[in-house]
Amino acid sequence: MNNIEIGVQTHYIEEQSKPEKDYFVFAYTITIMNKGDQAARLLNRHWIITDSNQKIQEVRGEGVVGEQPHLKPGEQFVYTSGTMLETSVGTMRGSYEMESDDGSTFDAEVDEFVLSTPRVLH
C-alpha cells in the first residue's frame with residue numbers, strides 16, 4: 001500500500017524581500033516520509049501558489065531540488081525550496097507524482113499551507 005506522508009514548515013525571508021515593491025520571499029521545508037510497505041520514487045512535482053490578490057502561479061517539473069528521491073519503507077527525504085509572492089500572505093498546495101517499485105504511479109497530495117510574513121496572521 002502506498003502511504004506517503006508530507007510535512008511542511010515555512011519561513012519568511014525578510015532579508016531577500018522588498019515589501020515596498022510587493023516582493024515577499026518565502027522558504028518552505030518539506031519532509032516526505034514513506035509510511036507504506038513499498039519503495040517509491042518521486043518523479044514530478046506540481047504546485048499551485050496563490051497570493052492574497054488571487055494571482056495563481058502553477059509550477060510543474062521533474063523531481064525536487066534537482067533530485068528524484070527513492071524512498072524505501074520507513075525512509076524520509078527532506079528538502080528546502082522557496083517561492084516569491086507579490087503579497088504578504090499566500091497559500092501553496094500541490095502533489096508529487098510517485099512511482100512504486102512495481103511500476104504503478106500515484107499522487108502524494110500536499111495539503112494547502114499558508115505563507116505569511118510575521119505578525120500578519122494570528
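Student: Where is Val-65 found?

Tutor: In this predicted model, Val-65 sits in the loop between β4 and β5 (70-71).

Student: What makes the backbone of Val-65 worth a remark?

Tutor: Val-65 is not a glycine, yet its phi is positive, about 40°.

Student: Why is Val-65 called partly exposed?

Tutor: Its relative accessible area is 43%. Buried needs under 20%, exposed needs over 50%.

Student: Which label does Gln-54 get, buried or exposed?

Tutor: Gln-54 has 58% relative accessibility. The cut-off for exposed is over 50%, so Gln-54 counts as exposed. Gln-54 lies in the loop between β3 and β4 (56-62). Like a glycine it is not, but Gln-54 has a positive phi of about 65°.

Student: Now a strand residue. Where does His-46 lie?

Tutor: His-46 belongs to strand β3, residues 40-51.

Student: How do you know whether His-46 is buried or exposed?

Tutor: The relative accessible area of His-46 is 15%. Buried means under 20%, so His-46 is buried.

Student: What makes the pair of His-46 and Arg-60 a polar contact?

Tutor: Their side chains come to 3.4 Å. The limit for a pair of N or O atoms is 3.5 Å, with one able to donate a hydrogen and the other to accept it. The pair therefore qualifies.

Student: Which residues is His-46 in contact with, leaving aside neighbours within four places in sequence?

Tutor: Glu-58, Val-59, Arg-60, Arg-93, Gly-94 and Ser-95.

Student: What makes the largest nonpolar core a core?

Tutor: The set must be buried nonpolar residues, joined through side-chain atoms within 4.5 Å. Here 24 residues form the largest such set. Those with the most contacts inside it are Ile-32, Trp-47, Tyr-79, Tyr-96 and Met-98. Strands β1 (4-12), β2 (24-34), β3, β6 (76-85), β7 (89-100) and β8 (105-116) each supply at least two of its residues. In soluble globular proteins, nonpolar side chains tend to be buried together.

Student: Which residues does Met-98 touch, not counting those up to four places away in sequence?

Tutor: Among them are Ile-4, Ala-40, Leu-42, Phe-106 and Ala-108.

Student: How many helices and strands does the chain have?

Tutor: Zero helices and eight strands.

Student: What share of the chain counts as buried?

Tutor: Of its 122 residues, 41%.

Student: What share of contacts between residues at least 6 apart joins residues at least 24 apart?

Tutor: That share is 64%.

Technical notes:
Residues are numbered from 1 along each chain as its sequence is written. This is a predicted model: local features need pLDDT of at least 70, side-chain atom pairs count only at pLDDT 80 or more; totals for chains, interfaces and linings use all residues. Side-chain values use heavy atoms; hydrogens and water are left out. Helices (H or I, at least four residues) and strands (E, at least two) are DSSP runs, numbered from the N terminus. Buried means under 20% relative accessible area, exposed over 50%, partly exposed in between (1.4 Å probe, protein chains only). Contact means heavy atoms within 4.5 Å.
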